[in-house]
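Hello,

Here is the structure I promised to pass on to you. Have a look at it first, and then read my notes below.

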Amino acid sequence: MNDILWRNEEDQRHFIIPTDAPLRNGCYRITRFDGGEAHCSESCLASFEVTEAQAHEWAKQEFGAALSDIRQRIDRKIGRTRAALKTARDTPIAPDSAVTADALPALLALAKALPGAILGSLSGDPEKLRTAQSNLSDVQKRLNAAGVDVEDKLAAFPDRLAALREDFRRRASKTGEKS
């Protein structure tokens with residue numbers, strides 16, 4: 001902000017004055033909205049006088065610019081905080097370990113996904129099998145990223161269960177048992 005909005009004591013006259021404008025000392029008292037005041041020559045203020053509507057419009061624009069600046073600062077701070085959190089999550093918990101702090105939440109995600117994956121794999125429904133494969137593949141990626149090396153074992157688990165179900169069904173049909 002290179003300009004400051006001033007007003008007279010009665011709030012009837014408004015002035016937008018650049019911060020570097022040379023004002024002659026005088027007895028006309030003007031105040032800023034933050035409480036600051038100055039005593040100037042009334043004649044030197046004439047070129048800075050604006051209407052009340054212009055003063056309101058200027059104040060709205062300055063307020064919008066200030067809010068935009070604050071929003072940008074907050075966004076930068078949030079970005080730095082997110083980066084610091086990601087670094088903390090991705091940093092191994094011990095110098096001789098690949099496991100990161102994100103391992104526990106990843107293991108909890110596995111515990112949550114596993115029952116549904118088992119049911120979906122054994123259901124015989126191709127759509128449920130695909131969902132189980134997708135869910136466990138996502139958990140596998142998360143575990144691997146957290147330093148818990150599960151290779152491709154989780155992503156292949158639904159297929160192995162489905163194959164066991166199919167094998168059991170074939171054997172049962174040969175022996176006359178129900179699956």
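Is Ser121 buried or exposed? At 3% relative accessibility, Ser121 is buried, because buried means under 20%. Please keep in mind that this is a predicted model.

Ser121 belongs to helix 3, which covers residues 103-122. A polar atom of the Ser121 side chain lies 2.6 Å from the backbone oxygen of Ala117. Beyond its neighbours within four places in sequence, Ser121 touches Leu129, Ala132, Pro158, Leu161, Ala162 and Arg165.

Helix 3 and helix 5 have axes 8 Å apart and an angle of about 30° between them, so the two are roughly parallel. Their crossing is right-handed. On the helix 3 side, Leu110, Leu114, Ile118, Ser121 and Leu122 take part, and they meet Leu154, Phe157, Pro158, Leu161, Ala162 and Arg165 of helix 5. By type, this contact has 9 nonpolar residues, 1 polar and 1 charged.

Now turn to helix 4 (residues 126-145) and helix 5 (residues 153-175), whose axes are 7 Å apart at an angle of about 155°. That angle makes helix 4 roughly antiparallel to helix 5. This crossing is right-handed. Helix 4 contributes residues including Leu129, Ala132 and Leu136, while those from helix 5 include Leu154, Phe157, Pro158 and Ala162. The residues of this contact comprise 10 nonpolar, 3 polar and 2 charged.

Enjoy exploring it!

Best wishes

How values were computed: Residues are numbered from 1 along each chain as its sequence is written. This is a predicted model: local features need pLDDT of at least 70, side-chain atom pairs count only at pLDDT 80 or more; totals for chains, interfaces and linings use all residues. Side-chain values use heavy atoms; hydrogens and water are left out. Axes are lines fitted to C-alpha atoms, for helices over the stretch in contact, and angles run from 0 to 180 degrees between N-to-C directions. Helices (H or I, at least four residues) and strands (E, at least two) are DSSP runs, numbered from the N terminus. Angles under 35 degrees count as roughly parallel, over 145 as roughly antiparallel, 65 to 115 as roughly perpendicular and the rest as oblique. A crossing is left-handed if the near helix is turned anticlockwise from the far one by less than a right angle, and right-handed if clockwise. Contact means heavy atoms within 4.5 Å. Ala, Val, Leu, Ile, Met, Phe, Trp, Tyr, Cys and Pro count as nonpolar, Asp, Glu, Lys and Arg as charged, and the others, Gly among them, as polar. Buried means under 20% relative accessible area, exposed over 50%, partly exposed in between (1.4 Å probe, protein chains only). A polar contact is a pair of N or O atoms within 3.5 Å; within protein, one must be able to donate a hydrogen and the other to accept it, and residues adjacent in sequence count only if both atoms are side-chain atoms.
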